Amino acid sequence: MPRLLLALVAGAALALSPSLVSAETEAPVLDQWYPALFAADAEALESLLTDDAEIRLEDLGVTQTKTEFLDSLGEWKDSIEGTTFDWKLAPDAPVSATEATALVCYRFPSNELLTREVFTFVGDAISQSIQTTQGESCDGFQPQE
């Protein structure tokens, strides 16, 4: 019995230890979205989008449905080979259960791109994402901690 009690206390201590708990943002859907996007994980991304989701790439004049977006993931996966990513919530935009804005740094092998991505949520899923370019460099960008 003492070993079981010790194990429970140790487990509780680990769960409550601030140094071991990962920081979460005020937008938990995005905490799941970006790792899935950066891994081109179609299954995870599908579960994070509403059935009628719309993905808009403003600078390219492209609007995709959920199905079109998921169908393009093979091409996306090829294009992100060797790319690193960072993101954070935009400090100048509101975050709520229905909306959030992120700044994202895409460091492709041959260039960088800083984007602003505005999301609309319905429950625990994304119903709309609108992406616009903020710059051709990520100079000074500090990711979320």
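Colleague: What makes residues of helix α2 count as buried?

Modeller: In α2 (residues 28-38), the buried ones are Val 29, Leu 30, Trp 33, Tyr 34, Ala 36, Leu 37 and Phe 38. Buried means under 20% relative accessible area with a 1.4 Å probe, protein chains only. Helices are DSSP runs of H or I, at least four residues, strands are E, at least two, and both are numbered from the N terminus. One caveat: this is a predicted model, where local features need pLDDT of at least 70, side-chain atom pairs count only at 80 or more, and totals for chains, interfaces and linings use all residues. Residues are numbered from 1 along each chain as its sequence is written, and side-chain values use heavy atoms, leaving out hydrogens and water.

Colleague: Which residues have the most contacts inside the largest nonpolar core, and why is it called a core?

Modeller: Leu 30, Trp 33, Tyr 34, Leu 37 and Phe 69 do, in a set of 30 residues. It's called a core because it joins buried Ala, Val, Leu, Ile, Met, Phe, Trp, Tyr and Cys residues through side-chain atoms within 4.5 Å. Helix α2 gives the most to this core, with seven residues.

Colleague: What does Trp 33 touch?

Modeller: Leu 45, Leu 48, Leu 49, Phe 69, Phe 119 and Ile 126, not counting residues up to four places away in sequence. Contact here means heavy atoms within 4.5 Å.

Colleague: Which residues are in the second core?

Modeller: That separate core of seven residues includes Ala 90, Ala 93, Cys 105 and Leu 114.

Note on methods. Buried < 20%, exposed > 50% of the residue type's maximum accessible area, 1.4 Å probe, protein only.
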